[in-house]
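Here's a quick briefing for anyone opening this structure for the first time. Take a look at the picture, then read on.

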Amino acid sequence: MDLPTIWFLAVAVLWTGYLVLEGFDFGVGMLVRVLGRDDEDDREVALGAIGPVWDGNEVWLIAAVGAMFAAFPAWYAAMLSGLYLPVLLVLLGLIVRGVGLEYRHKRSDAPWKARWDLMIGLGSLVPAFVWGMVLANLVRGLPTVLSAPGGGQNTVVTASLADLLNGYALLGGVVTTALFLLHGAVFLALKTDGPVRYRARRFALRAVVPVLLVTVAFLAATLALREPSWTTTVAWVSGAALAAAGVALLLDREGWAFTATALAIGGLSVVLFGQLYPTLLPSTTDPAHTLTVANAASAPYTLGVMSWIAAVFLPLVLGYQSWSYWVFRRRLGGTRVAPAGTSDPGDTAVPAPR
């Protein structure tokens with residue numbers, strides 16, 4: 001296996017890790033007003049579940065984009081310039097969400113916190129939808145031109161907003177949003193106790209079937225773009241994982257349910273990148289303009305140096321993040337939990353276990 005292929009796999013792994021880990025952050029952000037209702041304690045519990053990890057999860061995005069820039073500069077340039085508006089929306093959403101998570105605690109009055117909760121929700125929804133749309137467009141292909149003679153290194157994306165808002169890309173945005181909502185709900189069912197846990201579990205149970213249907217539709221559309229390959233098996237695994245998540249929730253096994261939703265999101269990412277390879281950016285105007293792993297990669301020396309750097313620092317980053325998840329592994333309890341058989345745990349006042 002040559003270095004360009006190894007670094008394509010590295011980029012795919014980094015994007016997969018980002019989607020899986022940041023996915024439940026986005027889901028919790030979108031659900032904080034839904035599951036927290038009008039009770040500040042419940043919203044604090046929901047946000048507290050992602051408080052220690054959300055900023056660390058964003059490191060995966062930085063690493064993924066950085067790897068693209070260093071290993072495949074032509075891919076990086078074409079993607080970020082051609083998809084400038086969607087990427088800008090993602091950055092604005094991430095900024096708004098980060099500010100909201102930090103600033104909502106600066107004052108105690110309800111209107112102040114309500115405004116920031118809304119910003120957290122929007123700052124989670126926009127990236128969740130737009131990333132799905134961006135990845136779908138990369139797999140489907142975009143119109144391109146050559147800025148100057150010389151091949152793929154000069155490929156420029158000329159996509160208009162109408163080109164980006166095609167049916168397949170919009171379905172991709174819906175799927176990632178739906179998956180992240182389910183993933184976030186299952187994460188809250190796993191990480192919290194009391195009313196938030198019960199509402200999250202109930203939401204997840206109701207969402208499993210619709211999420212499964214839209215995910216299967218998108219996976220089928222993705223597989224139809226290319227010749228049948230090993231990604232078909234991964235697509236089946238991804239769909240089966242969603243079904244398994246529903247069964248695990250029915251059995252009150254939130255840990256297994258979270259593993260299943262993580263596997264479903266990871267499987268979706270593997271299908272997308274597997275369908276893409278060995279291309280990086282298919283051209284819908286002229287196949288000669290298509291960026292591939294071979295014509296868009298950096299020089300072998302650059303890839304070699306990057307490999308040594310990654311071999312040293314990647315284990316350190318993974319070790320630190322694993323340690324942080326271990327430290328904050330315990331459930332968070334609110335001020336109220338419901339006894340068994342209560343129809344709405346949020347209406348029962350009982351001391352929460354610690």
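Start with a pair of helices: α9 and α10 count as roughly antiparallel to each other, because that label goes to angles over 145 degrees, with under 35 being roughly parallel, 65 to 115 roughly perpendicular and the rest oblique. Keep in mind that this is a predicted model, where local features need pLDDT of at least 70, side-chain atom pairs count only at pLDDT 80 or more, and totals for chains, interfaces and linings use all residues. Residues are numbered from 1 along each chain as its sequence is written, and side-chain values use heavy atoms, with hydrogens and water left out. As for the element names, helices (H or I, at least four residues) and strands (E, at least two) are DSSP runs, numbered from the N terminus.

**How helices cross**

- Two packed helices are described by the angle between their axes and the distance between the axes.
- Helix α9 covers residues 167–191 and helix α10 covers residues 195–223; their axes come within 8 Å and cross at roughly 150°.
- Those axes are lines fitted to C-alpha atoms, for helices over the stretch in contact, and the angles run from 0 to 180 degrees between N-to-C directions.
- α9 passes α10 in a left-handed crossing; a crossing gets that name if the near helix is turned anticlockwise from the far one by less than a right angle, and is right-handed if clockwise.
- In the contact of α9 with α10, the residues split into 22 nonpolar, three polar and two charged.

- Helix α1 (residues 3–36) has 34 residues and reaches 48 Å from its first C-alpha to its last, close to the 50 Å expected at 1.5 Å a residue.
- The expected span is 1.5 Å times one less than the number of residues in the helix.
- At Met 30, α1 bends by about 45°; the bend at a residue is the angle between axes fitted to the seven residues ending there and the seven starting there.
- Buried here means under 20% relative accessible area, exposed means over 50%, and partly exposed is in between (1.4 Å probe, protein chains only).
- α13 bends by about 30° at Ala 310, and its buried residues include Leu 303 and Met 306.

**Spots in the loops**

- Tyr 277 and Pro 278 are joined by a cis peptide bond, with omega about 5°.
- Pro 278 sits in the loop between α12 (254–276) and β4 (279–281).
- Asp 252 isn't a glycine, yet has a positive phi of about 60°.
- You'll find Asp 252 in the loop between α11 and α12, partly exposed with a relative accessible area of 43%.

**Single residues to look up**

- Ala 64 lies in helix α4 (residues 59–71) and counts as buried, at 0% relative accessibility.
- Ala 64 and Leu 146 are 82 residues apart along the chain, and their C-alpha atoms are separated by 26 Å.
- Ala 240, in helix α11 (residues 231–250), is partly exposed at 46% relative accessible area.
- Val 174 belongs to helix α9 and is partly exposed, with a relative accessible area of 40%.

Note on methods. Ala, Val, Leu, Ile, Met, Phe, Trp, Tyr, Cys and Pro count as nonpolar, Asp, Glu, Lys and Arg as charged, and the others, Gly among them, as polar.
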